[in-house]
Amino acid sequence: MTGHTESWSEVGINYGTIGNNLPSPHESIKHIRSMKASRVKLYDCNPEILKELSGTRIQVSIMVRNNEISSIASSQTIADQWVKTNVLAYYPKTLIRIILVGNEVLSYNDQKMWCDLVPAMRKIQHSLRAHNITNIKVGTPFAMDIMHSTFPPSSGTFRSDITATVMLPLLKFLKGTHSFFFIDVYPYFPWSANPNNIHIDQALLKGTFHYTDHVNGLIYTNLLDQMLDSVIFAMTKLGYPDIRLSIAETGWPTAGDANQQGANVHFAATYNRNLVKKIAAKPAIGTPARPGMVIPTFIFALYNENQKSGPGTERNWGLLHADGTPVYNIDLSGNQAAFSSDFVLPVPVGNHNVTHRHRGEAWCVAKAEVDLNALHLALSFACGLCETCGALAPGRECHVPGSNSLTLHASFAFSSYFAKFHNLGATCDFNGLATLTTNNPSHGSCMFPSVTL
């Protein structure tokens, strides 16, 4: 590609705008620059923002809306007009470097749009070449639901219903244009769906756990690399082993509903700071399947989007509040020294699954009449993480002998876990096996840890 002197290693930001009372485009660009973001990704072609970006060194990604794909695919004239309106009007003073055709198109059950996707990309590319523009890449971002298998990474394969009709033509286009395969990758989602089997440190990129893919011997220290490599292996199986990856979206929610564990500022700051350290490293780290690979990455999102529908996490991915103040401090260049353990800004108490707030002590206990095998696994999980279950050892004050002890032991473990981690966003849920109570379950000399709500 042209523009070889431009850096593709720093971290960019997604400019989410589904909210009210958000800062103006002028103020938003000031915020983006203050965080030292090298790129910004728009979900449209907002003319105000594109004008504000004129003359800056910030590289820009613009987007063809999903409802425009089929008309562009049907007519080169329409494609030419789109490029004239949304690219030529600002380029080259505004450093437009990526055109994304659609957003997570294959997540919608619209097979006509699926079939029109690559033809629309070809027509946009043709229009760029007609104007001798060679440093703008054309691609499309997908969610991880394009995958049939992701674990172990070597088993990575695309869904059978899209392989021949979409993925093969797309990969041929990307190879021919030296473009990127754009993927939205959120370790938060697989971890939050299965926290008993995925350690939080793997999701937060801490590098403290190791997993070996026994098919190829590659060693993984985090969930992000596992997810990315599953896509690489899926492309390789279709005969395209060398197409570059770009992370179009990733991040971690800072808040959520009562049953959305792990959505808190502490985890979000940890994930995004570790992400920046990994992506901005020089020389590039890459992944186990592609060591040294540069992975252009966009964090989602600039602002909390307070008008988004859906669960609470949908409105809380921003690095900034809707009024422009920081949720936590972060430097997207990767150059700033490590932040202190208190994350500079106060870390608020996470939400918990309690219907009515009580003033006083509360305990997290096992529900009655639940699956005993699931309860045993949850007990092992809680004790394995909180390291405060020593009182359950035989002969200790909280050990209860006999076949009916599981529920009581699990209640102690759940209370210990919740007491230790509730300020970091942990919930009293354990996959529906636990509940909060204000009735003290302590017995004899066995004192159950509590929290104050």
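**Criteria and source.** For linings I count Ala, Val, Leu, Ile, Met, Phe, Trp, Tyr, Cys and Pro as nonpolar, Asp, Glu, Lys and Arg as charged, and the others, Gly among them, as polar. I note that this is a predicted model, in which local features need pLDDT of at least 70 and side-chain atom pairs count only at pLDDT 80 or more, while totals for chains, interfaces and linings use all residues. Residues are numbered from 1 along each chain as its sequence is written, and side-chain values use heavy atoms, with hydrogens and water left out.

**Cavities.** I took a cavity as a set of points, on a 1 Å grid over the protein atoms alone, where a 1.4 Å probe fits but cannot get out; a pocket is an open set with protein on both sides within 12 Å along at least five of seven lines, and lining residues have an atom within 4 Å of a point. Grid points are joined across faces, edges and corners, and a volume is the space filled by probe spheres set on the points. I found two cavities of 30 Å³ or more. The second largest cavity, of about 50 Å³, is lined by Pro 195, Asn 196, Gln 261, Phe 381, Tyr 417, Thr 427, Asp 429, Phe 430 and Asn 431, which I sorted into four nonpolar, four polar and one charged. The largest cavity holds about 60 Å³; 10 residues line it, and Lys 278, Ile 279, Ile 285, Gly 286 and Met 293 are the closest to its centre. Its lining divides into seven nonpolar, two polar and one charged.

For the largest pocket I noted a volume of about 780 Å³, with 31 lining residues, of which Tyr 43, Asn 103, Glu 104, Glu 249 and Lys 308 come closest to the centre. This lining comprises 15 nonpolar, seven polar and nine charged residues.

**Strands.** Helices (H or I, at least four residues) and strands (E, at least two) are DSSP runs numbered from the N terminus, and two strands pair if DSSP finds at least two bridges between them. I traced an open sheet of three strands in the order β15-β14-β16, with antiparallel pairing. Its edges are β15 (434-437) and β16 (451-452), each with a single partner strand, so one side of each has no neighbour in the sheet. Between β14 (residues 361-366) and β16 there are two bridges, and Ala 362 has Val 451 as its bridge partner.

I then turned to β12 (residues 244-250), where six of the seven residues are buried (under 20% relative accessible area, against over 50% for exposed and partly exposed in between, with a 1.4 Å probe and protein chains only). Five bridges join β12 in parallel to β9 (residues 180-184), and two join it, also parallel, to β13.

**Two threonines.** Which loop holds Thr 140? I placed Thr 140 between β5 (137-139) and β6 (141-142), and it is buried at 2% relative accessible area. Its side chain reaches the backbone oxygen of Val 101 at 2.7 Å. Beyond four places in sequence, its contacts (heavy atoms within 4.5 Å) include Leu 117, Met 121 and Phe 182.

Thr 325 lies in the loop between β13 (297-299) and β14 and is partly exposed at 35% relative accessibility.

Note on methods
Polar contact = N/O pair within 3.5 Å; in protein donor to acceptor, adjacent residues only side chain to side chain.
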